[in-house]
Each structure stands twice: as C-alpha cells, then as structure tokens.
Amino acid sequence: MKENITFIVPLNEFNEAVEKYLERAITSIKENCNTKKDTVIMVGPTDVLKKAQVVYQNSKCKCPWYLLENNDGGTDPYTQINLAVYKTLTPYFTVIEYDDEYYSYWIDEVGKYINTESSASVYLPLTELINTDDKIVSFANEIALSSSFANEQNLGLIDIDSLESYMDFSVSGAVIKTEDFISAGGLKPSMGIAAWYEFLLRMCHNAHVVRVVPKVGYRHTVLREGSYSDVKGKELTAKHMEWLIKTAQQEYFFKEDRNKVYEGEE
Amino acid sequence: MENKEIIEKVTVELEKYKDKSFKVFFYTLDTQGMPSGSLTYMYETAYQLKELGYNVQMLHSEKDFIGVREWLGDKYADIPHYNIEKNISISPADVLIIPEIFSSVMYQTMKLPCKRIALLQNFEYLTEMTQPGATWMDYGINECITTSNVLADRIKEVFPSVKTHIVRPSISNIFHKTETPKKLIINIISRHKTDVNSIVKPFFWKYPMYKWVCFRDYSGLPKEDFADTLKEAAFTLWIDEKTDFGYTALEAMACGDIVIGKVPETVPEWMKKDGDLRDCGVWYYNTTDAVDLIANLVDAYIHNGIPEILQKEADEVLKNYTSELQIEDIKRVYVDGIFADREKELIETVSIAKNNEDKKG
C-alpha cells in the first residue's frame, strides 16, 4: 500500500494464553507491514507492555514500534484505541486484537482500493470468525456484499439504513482513515461493546464511506473464555444489550461521548 | 449477349474497381434490438470496409427494420441500409455476403449477376436452415468466409469444393480491464433461464455459507452497458453449448473476469492448447460440476488464491483477437482476395469476349 499505516494492538493483561496469541498476531503484522513506512503501537498498562515488548522483539518484526503506556484507568479497549489513534502519525490505522490475526495480503488488498479510489474512510475485511480450536465458525461483514442488503451499485457499502437493520459488523482488522476517525470524534467508551457500532453509524451520518472489501482479511477469535467480549457479554442482560443498541442509534448524532448510563432493569 | 455488348458492359463494371464504387452488400438479420455476437462480427467487417473506402450497404427484407443502433451504436447503424425487396440495383461488379442462416436468400439470389459469398459463423444455423439435400453449390455459392479453422474444417467436410477464407473476429476495445477493484459478483450469461436455476439454486442450498454471493443475470444490454457489467464483476458464468466461437467468454476475459464456462459442443479454437482445454478459464462438462466449481472459486477469490495462470492464459488468447489483426484479415481476404479475384474474373470475361469478337472478325 502506498500510504503509511499504523497497527494498533490494545492490551490489558498478559498471561500464557495472551503470549501465545500475541505471537500469532505480531507474525501477521510482520507479514503485512512495510518496514520503511509503517508503525506498530502497543497500548496498555506498563507491566503488560513490558512483557508484550519481549514477544515483539522475539518476533523479529522489523516494523518500527513503540509502547503507549496507559495506567490511568480506562483500560477498556476503546479508550486505549482512542489514545493510540491520537498519537498516530500515519494517514491510516488498523486495530488488531491480540488473539486475532491478519491474512498476509490484507493490507495490500486495501491498498488497491486506496490507490484507485481513496474515498472510503473505513475498509472492513471479510472476517473469518474462528473458535479456540482454530475452526471457522462463520463469516462476519459478508452481509454487506449481498444484493439483498445493498443494491448492486452499492454492493459492499454500508449506510445508516443498513446499519439500523443489521448491527453485527466486526471492525477489528479494518483499515481506517486517521483524520476521519478523529474528526468524527473517535470511539465512545461509554457505549461499551456497542462502541464500534455507534462509531459506524456516526461515520455514515457524517457522510464518510464505509466499505467491506470482498477479501477475507482477518481472523477473529470468538467464544474465547476470558476475552473482553466474553466477559462483557456475560455481564450484559438482554435488556441492557437492547438499550445499548438503541442508545447507539440515538447518540450517533453527537460527536462527543455524552456518557449515557444504563439505569438497570425496571 | 453479343460480345461487343459484354465488352462494353463489363468494362463499365471494371471501372468501378478503379474508384471502389462497386457495392459490397451484407445481407443482415434484424434481431429487433437484441445484441448478437454474430451480427457484431458482420457489422464490424462492414464498417472496416467502409473505412477502407468501399461502398458498403446492408440489405434486409424487414418491413419495420429496427437495426443495431441501440445496442451497437451509431457508426454501425449509419452504414446505409436498404430493403432488398425495394428496387436495389445490383451489378456484376458487386459482391453480396450472405450469412449461413439465409439459405433461402442464397436460392432467391441465384440469378443475380454479382459475386455471392456465404458467411459462416454458426454451423447449427446452416443445418437448421438449409433444405435437406440442397447444398451451397446448388445455389451457386462456392466461397465462404468464416471465423476459425474449426469452422472452415467443418464446412469442408460437407461442402469440400467450397473455398474457405478466415477472417478472425476481434474483441472490441470497449471490453478492457480497469484499475478499480472488482466486486464479488458472478455475471451469468446464458440463453436459458433453466441453466441459471439449475446452478444458482443448488449452489445456495449446498453452500449456505455463501448465501451472500451475488449472482447477476444480464442479457440483452447495449454493448457499452454490457461491457460495464463485465468490468465490475469478478466472475462470468458462461453457458452457451451451441456457440461456434464464444464471443461473450472472450469479452469477459478482456474485462479481467474469471470465466467459468460449460464446454460448448463445438469447442472454439481459442479454448484449446496442445489438444487440451486451455487454462484461460475454468471449464466444466456437467452442470452438476459447476456448483462445486463456483464454490471453490469463490473460496479461492476471497482468500486471494486465484491462480495467476488464468489471467495470463486469457491475455495470451486475447492477443489473437485484436482489431488490428481483424483489419489485416479483412484486407487479405476481402481486398486482396475476393475483390481482386472478382476484378480478375471481369477482366477475364472482357478478354474472352474480345477474343471471340476477334475470331468472328
């Protein structure tokens, strides 16, 4: 890809499982990065980063990297991502969860789109959802490629109408234009696991183009015990989830995080 | 006719070869606005001859002739068109090209003084439209222009005395690759809806994880719109068992599509290399195989695993069907061949008439 990109790796804990997955994630960054232009930012608490640094150095990934320490509360991934993006100097960035991986051609494929049209602000991959046995469970984001979701002229494009009827897009691994992310206001940590959903709504509302590239670019681990989404998913009731979606659909009109709070079941 | 009369009349005809004013007629079908590869080929030949300065005219016998303007464009539709049933003047210097589908016209024009030549693009049309027992030679046709060695060999098997000429078709340069990344769309080009259903429905039943894959059934579009649909899509599923050439498959390749195709009953020349099917597309014989083939290709495509050889071989095939090569063939076959031969025949006629006159004297 002609444009430079930053790979952001949010971390909030380090153990044997994290180490194993992180090695895989960094290897996939290594296969995608251009060592002369790209950057890696690992963001998280200091003690976690110290251990992650060792994994990175052992990977022999030659991409310039640095650690962004975040010890002041807000260890949710959304705060971490915001922090990292505001430090990003490249025109594009991508976020990889430590238990996920890119396909080796992903950044090059996005580059083909950027080099010919460069109008989109978000390029989502077709994502393989894999379980902890590395078996493919299903795809994510494929719905946007279907003619029942978008008319043929807009195949692959996501808009407000389609987002209001379908919420389940996976943004990990997406390539995002840094200035558009920042000008739209970044992620809203108060939205919790609906934060990326609300972000997509806000991007579309601000007339930014969000596109799904018809290439499997990312493997996202699901159903992993102890993962952020697993923990949060277990904490949320159905009503709370419903409230989050509804709130996202109301809050996208606002750039700032208005810190809406769920007041519990009646 | 008296020798002097022959000399006088034929000399006048010969003058038309000096200023290219003799007429070159192409007898055409009216497809009522439906695009046709065979018609495109004929009109392209007619247009190129017109550009070379020849007096080209299209003949038809339709009361309400619709023509090709909507799907082929103005420059072809603007070639003069005439109804053969109105008073058309046809003289010995003229040349009339008659497609194989018009065996009735071959019969009806037997007494015309011009040179008549068959144009063969589809062997099935020949067998369908020619009366049992009748041959081209019965109609006074002893020369034929065709599009490939495969067809030339087929016609020689049944009409061995017919002289054959090959003018290769060209793929228009409106069919070309673009820089824009393709959409995961599978265009379907087929004559029959049943072909489409027999593949698409089982595909979705057998591979529900691909229920989001977009199939698009397009037919009857104007040429430029058709080119746009090809340029956009990653795949073209081509089903045309009866074709003798396969224009659509080549047009799709020219646009960078991966072509998935049912092998036609007569395998086009370009589809073979060293006796085997060429890797310029992905071919199948049985419809039941198509479903799995498509699934494998979709999987390969989304994982960036489409073999490079497909595009490479497709590009090699397309090098044989450029407009430059077609124009070269047109010059060789029509200008330096048919027209030159016709001129020689007329000169010979004058020479014989003069000899006869001298002997009389």
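User: How many positive and negative side chains does chain B have?
Analyst: Chain B carries 43 positive and 57 negative side chains, and the centres of the two sets lie 2 Å apart. Lys and Arg count as positive here and Asp and Glu as negative, with His and the chain ends not counted. Each charge is placed at NZ of Lys, CZ of Arg, CG of Asp or CD of Glu.

User: Before we go on, what should I know about the model and the numbering?
Analyst: This is a predicted model, so to speak of local features takes a pLDDT of at least 70, side-chain atom pairs count only at pLDDT 80 or more, and totals for chains, interfaces and linings use all residues. Residues are numbered from 1 along each chain as its sequence is written, chains are lettered from A and ligands numbered from 1 in the order in which they are written, and side-chain values use heavy atoms, with hydrogens and water left out.

User: Which residue does B:Lys23 pair with?
Analyst: B:Lys23 forms a salt bridge with B:Asp94, with 4.0 Å between the closest N and O atoms. B:Lys23 sits in strand S1 (residues 23-27) of chain B and B:Asp94 in the loop between strand S3 (81-83) and strand S4 (95-99), so the pair ties together parts that are 71 residues apart in sequence. Helices (H or I, at least four residues) and strands (E, at least two) are DSSP runs, numbered from the N terminus.

User: Are those two buried or exposed?
Analyst: B:Lys23 is buried at a relative accessible area of 17%, and B:Asp94 is buried at 1%. Buried means under 20% relative accessible area, exposed over 50%, and partly exposed in between (1.4 Å probe, protein chains only).

User: What does B:Glu313 pair with?
Analyst: One salt bridge runs from B:Lys273 to B:Glu313, at 3.2 Å between the closest N and O atoms. That pair links strand S12 (residues 272-273) with helix H12 (residues 308-318) of chain B, 40 residues apart. B:Arg278 also meets B:Glu313 in a salt bridge, 2.8 Å from N to O. B:Arg278 is in the loop between strand S13 (276-277) and strand S14 (282-284), 35 residues from B:Glu313.

User: And how covered are they?
Analyst: B:Glu313 is buried at 10% and B:Arg278 is buried at 13%, while B:Lys273 is partly exposed at 36%.

User: Which residues form a salt-bridge network in chain A?
Analyst: A:Arg24, A:Glu101, A:Glu128, A:Asp134 and A:Arg219 are linked in a network.

User: Switching to cysteines. How many disulfides turn up over all chains?
Analyst: Zero, over the whole structure. A disulfide would be a pair of cysteine sulfur atoms within 2.5 Å. For B:Cys114, the closest cysteine sulfur is in B:Cys144, 16 Å away and too far for a bond. B:Cys280 is in no disulfide either, as the nearest cysteine sulfur, that of B:Cys255, is 15 Å away. B:Cys114 is buried at 7% and B:Cys280 is buried at 3%.

User: What does chain B look like overall?
Analyst: Chain B has 13 helices and 14 strands, and its C-alpha trace spans about 90 × 40 × 35 Å along the principal axes. Of its 361 residues, 53% are buried.

User: Last one: where is A:Lys177, and what does it touch?
Analyst: A:Lys177 is in strand S9 (residues 175-177) of chain A and is buried at 18%. Not counting residues up to four places away in sequence, A:Lys177 touches A:Pro91, A:Tyr92, A:Ser118, A:Ala120 and A:Ser121, where contact means heavy atoms within 4.5 Å.

Methods. A salt bridge is a side-chain nitrogen of Lys or Arg within 4 Å of a carboxyl oxygen of Asp or Glu.
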